[in-house]
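This briefing covers helix packing and ligand contacts in one protein model. Look over the sequence and structure first, then read the points below.

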Amino acid sequence: MSHQGGRILLVEDSPTQAERIRKLLVQDGHQVIQVPNAEQALRQLERDRPDVIVLDNHLPGMTGNDFCREIRLNVNTRAIPVLMLTSENSDVAHMQGLASGADDYVVKSVDPDILRVRVRALLRKSEGERAVPDVESRFRQASVLVIDDSATYLYIARKELEMERYHVETAEGPEEGLRLLRTQPFDCVLVDFSMPVLDGAQVCRQIRDTNADIEPEIVLIMLSSHEDKWHMTQAFDAGADDYISKSTEFSVTKSRIRALLRRKFLVEENRRISEEIRQKELATMRANAEREAAELRAQMADQLAKANRELDRANKELELFAYAAAHDLKEPLRKVRIFSELLARRYGGQLDAQGHEFIRQCVDGTGRMNQLIDDLLAYAQASQAQQGDLVAVPVAGVIEQVLASLQPLVEESGATVSFANLPSVVAEQVRLHQLFHNLIANALKYRRPDVPPRVEIQGVAAHGEWLFSVRDNGMGIASRDQDKIFRAFQRLHSAENPGTGLGLAICKRIVESFGGRLWVESTVGQGSAFWFTLPMEGRRAALAHG
Ligand code: ADP
């Protein structure tokens, strides 16, 4: 049988014995750590986990049996296979060793090859035990199958094993045994070595091959009337976990079955515990990740709130600055206008027509400059949130006010302005006024020569928001200019019409600050329709969402 070397902790107080066993194991390719007593062995186990422990039963201080019990109590070491070395070949000593938790025992004086096969068999178990845990299992009633062609042995075995509270099945030959194994699960199988047709070793191999995916492995015990090394080696090579002579007292056989089953159940239990630990670790990791994400969200919300506060503060400062600048700019303008008018009044008689024209240009210039300052201020303030509660404003009322202020333009152009069934919207009245004022004024201003303007204002609910339009029959706007006009100082018809080029830029800012969109649809020579949306819940809710 091929095998790989394992790491073996050898606990032996006699230096001669220790050296003999060490050599033997090293020859077999194992790595041996040697300690003289159980106390040092326990310390060694804290540092490193061996694959197998080879343990002298008679040790100074803590005995081998006590050491066994101690390591079986620790979840990290409980599943390490232990091979006990005893000096006496008595059934009592063997049973005590197995009862304390050893997996197997060997009499010191025995043929060294037997020690080697036993170590190898335990190493195989140790490897199986380290496979990935995936089986949910508990300590439970074990089920045992006995395969033997002797009906008498089967009878005795059943009786004895049932006394141990195992579930017992018997098979009078290999075929029946293998059939039973296919139909039900067993923890332990006892196989007689000498049977007709298939011998015990062949049966063992078949069981190992067909149950290779069962973890932990089924415990296989070879029963034999031969006590020689050849038979024993055959049995272990075929995959048996133990080799028991049929002449051994049945109580010893039972102890060995018990020890092997305890190991199997320990492995099952260990896997279950490891799986539980893994699940708990996963749950903890998940919980940690969730907590970190929540903290991050809170942190980000904090930062966002801080940034918003700073933005608010900066905006307020800017607004104050714009006010102050507008005021300071208007003051000298006012002076230029007043003194120009004074000049015209007091010294008008001394001026010729050109002189009067110069003064008119001055006054006109101050008027346009004044308008520009007002528009710039309006543009700066267009996206500022106003303080105070927002209320629903009837749009029709706003439009009536706008038309009142545009009365001279309406009359002069002979315009008809129509609107009906307009809703109320939640928005600041002042900015709503400015929005409609700019759009309606443009509709009147950019009219076609000799075509009296017709302006139509509509407002309907569409897709959960308000949709407004201000439609005219004026000059229209070419497609290539339809985006441009919303940018500051972009004018298409500057020659014929006075203006600062800020009106639509202000409108866009206002609509967007309400949480809506503004766009135009137009045909040159036919007219334009300016569309905009407003959220139904009002700007604050829209901002909170956005
Ligand atoms: P202003 O009216 O001061 O020039 P606006 O920003 O209000 O500034 O308009 C920008 C330009 O868009 C205008 O100069 C004009 O050429 C064009 N425009 C605006 N409204 C209309 C309209 N209803 N019909 C045709 N052209 C328009």
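A polar contact is a pair of N or O atoms within 3.5 Å. The model discussed here is predicted.

**The ligand and its surroundings**

- The ligand is surrounded by 20 residues, and the closest are Asn 442, Tyr 446, Arg 491, His 493 and Leu 504.
- Leu 504 also has a backbone N or O atom 2.8 Å from an oxygen atom of the ligand.
- For Leu 492, a backbone N or O atom lies 2.9 Å from an oxygen atom of the ligand.
- Thr 500 has a polar backbone atom that is 3.1 Å from an oxygen atom of the ligand.

**Describing a helix pair**

- Two packed helices are described by the angle between their axes and by the distance between those axes.

**Helices α12 and α14**

- Helix α12 covers residues 395–405 and helix α14 covers residues 429–445; they pack at an angle of about 55 degrees, and their axes are 9 Å apart.
- The two helices α12 and α14 are therefore oblique to each other.
- The crossing in which α12 passes α14 is right-handed.
- On the α12 side, the residues in contact are Val 395, Val 398, Ile 399, Gln 401, Val 402, Leu 403 and Ser 405; on the α14 side they are Gln 429, Leu 432, His 433, Phe 436, His 437 and Ile 440.
- Sorted by class, this contact of α12 with α14 has eight nonpolar, five polar and no charged residues.

**Helices α2 and α3**

- Helix α2 (residues 38–47) packs with helix α3 (residues 64–73) at an angle of about 20 degrees, and the axes are 10 Å apart.
- Angles under 35 degrees count as roughly parallel, so α2 and α3 are roughly parallel to each other.
- Their crossing is right-handed.
- From α2, the contact uses Ala 38, Ala 41, Leu 42 and Leu 45, and from α3 it uses Phe 67, Glu 70 and Ile 71.
- The classes in the contact of α2 with α3 are six nonpolar, no polar and one charged.

**Helices α7 and α8**

- The axes of helix α7 (residues 174–183) and helix α8 (residues 200–210) cross at roughly 15 degrees and come within 11 Å.
- That angle makes α7 roughly parallel to α8.
- Helix α7 passes α8 in a crossing that is right-handed.
- Pro 174, Leu 178 and Leu 181 of α7 make the contact with Val 203, Gln 206 and Ile 207 of α8.
- By class, the contact of α7 with α8 has five nonpolar residues, one polar and no charged.

Definitions and conventions:
Residues are numbered from 1 along each chain as its sequence is written. This is a predicted model: local features need pLDDT of at least 70, side-chain atom pairs count only at pLDDT 80 or more; totals for chains, interfaces and linings use all residues. Side-chain values use heavy atoms; hydrogens and water are left out. Axes are lines fitted to C-alpha atoms, for helices over the stretch in contact, and angles run from 0 to 180 degrees between N-to-C directions. Helices (H or I, at least four residues) and strands (E, at least two) are DSSP runs, numbered from the N terminus. Angles under 35 degrees count as roughly parallel, over 145 as roughly antiparallel, 65 to 115 as roughly perpendicular and the rest as oblique. A crossing is left-handed if the near helix is turned anticlockwise from the far one by less than a right angle, and right-handed if clockwise. Contact means heavy atoms within 4.5 Å. Ala, Val, Leu, Ile, Met, Phe, Trp, Tyr, Cys and Pro count as nonpolar, Asp, Glu, Lys and Arg as charged, and the others, Gly among them, as polar. A residue is near a molecule or strand if one of its heavy atoms lies within 4 Å of it. A polar contact is a pair of N or O atoms within 3.5 Å; within protein, one must be able to donate a hydrogen and the other to accept it, and residues adjacent in sequence count only if both atoms are side-chain atoms.
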